[in-house]
Amino acid sequence: MNRVVTHELIHAFDHCRAHVNWFTNVRHLACSEVRAANLSGDCSFLNEIFRLHFGLKQHHQTCVRDRAIRSILAVRNINKEVAQKAVDEVFESCFNDHEPFGRIPHNKTYARYAHRDFQNRDRYYSNI
């Protein structure tokens, strides 16, 4: 349940921060789906083991890409090639956008680190 709520809250964050045009711009949707799959824990190592998907080299990126494409196909009436093209166009920048966490929270420890970073965010910029 935590992953689903986190996934949807990332969409809400994108909606407020980036003014995403969900219904007419497939690239906006693709970016938000990449971010949600990346940051929500959908592609955590443990979840991938339960799905019987293993891989060592860039497996997290592959999982994020595949889940984003599936999410787009679930909500839009477009073919798979269009969804793949949209994800490919935005993947690099959206995969590396970790806001509001600052890092990918792979597990509870990383989530605590992200929360600590959030609490201390003004400490480092107060003298600038």
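Student: Leaving aside its neighbours within four places in sequence, which residues is alanine 30 in contact with?

Tutor: Once the neighbours within four places in sequence are set aside, alanine 30 is in contact with Ile72, Ala86, Val87 and Val90, where contact means heavy atoms within 4.5 Å. Please keep in mind that this is a predicted model, in which local features need pLDDT of at least 70 and side-chain atom pairs count only at pLDDT 80 or more, while totals for chains, interfaces and linings use all residues. Residues are numbered from 1 along each chain as its sequence is written, and side-chain values use heavy atoms, with hydrogens and water left out.

Student: OK, new topic: at what angle do H4 and H5 pack?

Tutor: Helices H4 and H5 pack at about 135 degrees with their axes 9 Å apart; helices here are DSSP runs of H or I with at least four residues, numbered from the N terminus, and axes are lines fitted to C-alpha atoms over the stretch in contact, with angles running from 0 to 180 degrees between N-to-C directions. That angle makes H4 oblique to H5, since angles under 35 degrees count as roughly parallel, over 145 as roughly antiparallel, 65 to 115 as roughly perpendicular and the rest as oblique.

Student: And which residues of H4 meet H5?

Tutor: On the H4 side they are His60, Gln61, Val64, Arg65, Ala68, Ile69, Ile72 and Leu73, and their partners in H5 include Val87 and Phe91.

Student: What about H1 and H2, at what angle do they cross?

Tutor: The axes of H1 (residues 2-18) and H2 (residues 26-39) come within 9 Å and cross at roughly 140 degrees, and H1 and H2 are therefore oblique to each other. Among the residues that meet there are Ile10 and Phe13 in H1, with Ala36 and Leu39 in H2.

How values were computed. Helices (H or I, at least four residues) and strands (E, at least two) are DSSP runs, numbered from the N terminus.
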